[in-house]
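Please read the following walk through a two-chain model alongside its sequence and coordinates.

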Amino acid sequence: MDEFQEILQDFLIESFELIEQLDQDLVELESRPDDLDLLNRIFRVAHTIKGASSFLNFDVLTHLTHHMENLLNMARHGDLEIEPNVMDVILESIDLMKALLVRIRDSGEDSGLEISGCVARLDAVANGETGAPAEAPKVPEPEPVAVVAAAKSDDEPDYSAMSDAEVEAEIERLLAVRQAEDAAKRSVKHESKPQTEEEIDYENLSDAEVEAEIERLLAIRQAEDAAKRAAKGGSSAPAAQPASVPEPKVQPAPEPKAAPAPVAASTPPPVPAAAPKPAAAPAPRKTEPKEDGENRGGAAVEQTIRVDVKRLDHLMNLIGELVLGKNRLIKINDDVEERYEGEAFLEELNQVVSIVSLVTTDLQIAVMKTRMLPIGKVFNKFPRMIRDLSRELNKKIELEITGEDTELDKSIVEEIGDPLVHIIRNSCDHGIETPQVRLAAGKEETGTIRLKAYHEGNHIVIQIIDDGKGLDIEMLKSKSVEKGIITEKEADMMSEKEAFGLIFRPGFSTAAQVTSVSGRGVGMDVVKTNIEKLNGMIDIDSELGQGTSMKLKIPLTLAIIQALLVGVQEEYYAIPLASVLETVRISKDEIYTVESRSVMRLRDEVLSLVHIGDIFEVERVFDNNEHAYVVVLGLAESKIGLIVDSLVGQEEIVIKSLGEYLKGIEGIAGATIRGDGGVTLIVDVAALMQMAKSVKSTVGQENNEKKGRSGSKNSASDYCVMIVDDSKTDRTIMRKSIEPLGITLIEATDGVEALNILKQGDHNFDAMLIDIEMPRMDGYTLAAEIKKYNKYKNMPLIAVTSRNGKADRMRGVESGMVEYITKPYSPEYLMNVVKRNIKFNEGL
Amino acid sequence: MSEKLQQIINKQHKSLAGDDTKIEEVIQLVGFIVGDEEFSVPILSIQEIIKPISWTRVPQTPPYILGVFNLRGSVIPLIDLRSRFGLEVMKHTEDTRFIVMKNGDDVAGFVIDRLTEAIRLPKRDVGPAPETISTEESMIDGVGKQADRIVTILKVRKLLERNF
């Protein structure tokens, strides 16, 4: 049973892979119906699946694929022309096949789906009923199946001619006659080709006569096929004809290789002689691998191994831990370097650290690469989609794909499919015009959608370009106003890019009516959400009448990212670098307030600003810096400036979830562990942009607020001053001097204690009186320590000391003291100094 | 002599047997103080107990969630039980501990004032929570009675449940 399961799994994986390729091949086939390569490949898929499913006892699937194989085999031998309606039936059967495979995957059996209808249609087409009635009679009849087909279709045209329109019948008849002539001419041409082949054969013949014999017979057979094919090619054939010319030339070369494989001597007679069906089965097998081998060279030799994604994920997690360890090691190394500067072992430590970090980075890249898939996996389904859509919408659309080999992480490949479907659908429905409109506009009848993928640094860029009618900004605006998405005022103020961004708003739709393709105003909204989820950006460019280009920029991987670390007060946050466009340092004067929002001018753009502290409820104690750093964030199609206190730097971080308990905190995408072992939160840029809209900005109002705060001191005891001195007497003298003011006094006996009191934050100190000579930590060190705290940067520190040398004063100023009082002093003097420094309000 | 030996053996057997029956009925708890009261949680729901380490504040959360901390590479939420129980917040002291509790995949650290001891309590000494507290909403699983005191047993599942 287990063995069976294993085989089944392999079968399913193989089948789904084959089918993926199949869709693309089929669509291509429609444009190049004479490409034997393609036909062979498609046939082989049906054949392989049929073979495997019959072995696994999936009767329904076997039945279906058997009929598909039949039909495709006829096409392969040129007994059937691939026309759009034939194609429809084939595509239908392939969809059905997919559905069956999905059923098998989910439930382990292939029953429950009705296939008889499809099988009937397949047979009907195979018998030429709906296929190409007019051409069927011209088919030369070397085989029984074709005879039946011919016989049946012989009747058909009569019926249709009689019942339908006589004119049509006449046209068909004329066409048929014409085609017959063509075919005759072509077969004459072909007859000359087999001869050249034979000449080549004779050259080969020197090697092995038997092989040459097979060769010759096969070549003849091929020529026959080609002739038949040519006969059916009809008016489209001339173009394709030259293409088929090289074919026979290519064939001889591989053939000798193939022939010996299946026991050369014994097989020759049956191959050419047998009815096409039995012969067909081995035939493609022989020709196909060879051609594959020729085209791809070493592809066949390439060794692959299937690995469960879970194992890769686990590996990636372990690498993540390793990266964190590396970060930590680097930090420790830096610290050690500082402390033991010049020591011999440092050099060695340095080397080890850099090797470890180098190898870790390489390892990370290597593992990332194993998770990479070509984006072709996603692109493959679009030719089929475009085909279906263009038929449905009655438009002529061509799809050009480039860069399908571009690789990116599996998890992203999975996420990117849906947005692309929506964008391409949108381009087909709204972008590309109908052929009439296009012609009237002086464009080519056929619209083109180009799908490009390429790497750009640590990103992959996917571009979807159509040459349709482009986005009409005025129309976008008026529609949005109409639907209540924006106000008229907003519409007036919008820049071009912002207006393009309107198409991503939920509920927005320009379609006059809801079609099965679009018009519900959901699709593009989904695009935006999905791209944001991937930390990607969208850039739209459009010119009215010329077309639209949409550029998706997506980071290569999700688990380990580059981040910009920023500081606000005592806290740090990590912002995914993928969303950071630039950072600028501005002075506070450059911040303007427009309708209670802070904005700044960045080159020729107006950028709205928000303070990170407002978003994350950071208590802002002191913020007297004249300058601010603005991190310009871009996501999808929007931009915002985030004001932070400091920029710490760039670091590689590993995203960790906050766990079930804290899941879904707005604005936080996760957490990471830094080199020092602390946890730093990662900003969710998409959510932050949302939050920025509702957060009341306080950027411009800080100063007022501060005034309000100092004004909020309602009584003298709201003022608080700390006295730091190791001598009880001195403390008492100071206390006695200031006490008359009625302000709150806290005492500390040395620097360490003072610092602890500050750290506890029980009091909001307005000033500190500091003795210089103290045990454990002296006044200078204390002052320097205090200045390290953002919160206390601007607190006045007053030195009270018996040292009165000039050097002492200088040191005091250097360490951040604002006043220097030498003992002894008069109580009034001290009181006045304190009053001045705490801006004591006499009125209280 | 052999009689005495027999007695001892009997005695041992008895006590052993007694222990066996006890083990079946005994629950093991870890007791700790929050505010003025002693609480406890089943010992098996405790992953580890650590001394306070630094943590990172997480915005948009209720005040009782202090933030997250790094426990050997895992990011774990930290909850202050004092403020969770509506008590006044106090500075951490020498005795303050983080108890890391787990329930299935849910893990969180809880700040407590001080540990007391591991408690072995016969099941029959555990009474239900006072009736005035509705059973579903309450964080109290039951009340353990010991000779000189009463220990409140907390529902770990409820503690680890997000309620905001």
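The paragraphs below go from whole chains to helix packing and then to single residues.

This is a predicted model, in which local features need pLDDT of at least 70 and side-chain atom pairs count only at pLDDT 80 or more, while totals for chains, interfaces and linings use all residues. Residues are numbered from 1 along each chain as its sequence is written, and chains are lettered from A and ligands numbered from 1 in the order in which they are written.

Chain A holds 32 helices and 23 strands; helices (H or I, at least four residues) and strands (E, at least two) are DSSP runs, numbered from the N terminus. Of its 844 residues, 35% count as buried. A residue is buried if 20 or more other C-beta atoms lie within 10 Å of its own, exposed if 12 or fewer, and partly exposed in between, with C-beta atoms placed from the backbone. Among the contacts of chain A with a separation of 6 or more, 70% join residues 24 or more positions apart. Two residues are in contact if their C-beta atoms, placed from the backbone, lie within 7 Å.

Chain B has 3 helices and 11 strands, in the order α-β-β-β-β-β-α-β-β-β-β-β-β-α from the N terminus on. Buried residues make up 25% of its 164 residues. For contacts in chain B between residues at least 6 apart in sequence, the share that joins residues at least 24 apart is 52%.

Where the chains meet, 21 residues of chain B are in contact with 22 residues of chain A. On the chain B side, strand 4 (65–71), strand 5 (74–80) and strand 7 (106–112) each supply at least two residues. By class, that side has 10 nonpolar, 6 polar and 5 charged residues. Here Ala, Val, Leu, Ile, Met, Phe, Trp, Tyr, Cys and Pro count as nonpolar, Asp, Glu, Lys and Arg as charged, and the others, Gly among them, as polar.

Two helix pairs of chain A show how its helices can be arranged. Helix 18 (residues 381–393) and helix 19 (residues 410–431) of chain A pack at an angle of about 30°, with their axes 10 Å apart. That angle makes helix 18 of chain A roughly parallel to helix 19 of chain A. Axes are lines fitted to C-alpha atoms, for helices over the stretch in contact, and angles run from 0 to 180 degrees between N-to-C directions. Angles under 35 degrees count as roughly parallel, over 145 as roughly antiparallel, 65 to 115 as roughly perpendicular and the rest as oblique. Helix 18 of chain A contributes A:Phe382, A:Met385, A:Ile386, A:Leu389, A:Ser390 and A:Leu393 to the contact, and helix 19 of chain A contributes A:Val421, A:Ile424, A:Arg425, A:Cys428 and A:Asp429. The contact has 8 nonpolar, 1 polar and 2 charged residues.

In the second pair, the axes of helix 28 (residues 728–738) and helix 32 (residues 827–837) of chain A come within 8 Å and cross at roughly 70°. Helix 28 and helix 32 of chain A are therefore roughly perpendicular to each other. A:Met734, A:Lys736, A:Ser737 and A:Ile738 of helix 28 meet A:Pro827, A:Leu830, A:Met831 and A:Val834 of helix 32. This contact has 6 nonpolar, 1 polar and 1 charged residues.

Which residues of helix 21 (residues 473–482) of chain A are buried? They are A:Leu476, A:Lys477 and A:Ser480. These residues cover an arc of only 95° around the axis, which puts them on the same side of helix 21 of chain A; the arc is that of the directions from the helix axis to the C-beta atoms. An α-helix has 3.6 residues a turn, so residues three or four places apart point the same way. On the other side of helix 21 of chain A, A:Glu474, A:Met475 and A:Glu482 are exposed. The cover over the buried residues includes helix 22 (488–493) and helix 23 (496–501) of chain A. Just after helix 21 of chain A, A:Gly484 takes a positive phi of about 75°.

A:Met600 lies in strand 12 (residues 597–602) of chain A and counts as buried, with 20 C-beta neighbours inside 10 Å. Leaving aside neighbours within four places in sequence, its contacts include A:Ile586, A:Leu607 and A:Val630.

Most residues other than glycine have a negative phi, and most peptide bonds are trans. A:Gln569, not a glycine, has a positive phi of about 50°, and sits in the loop between strand 8 (560–568) and strand 9 (571–576) of chain A.
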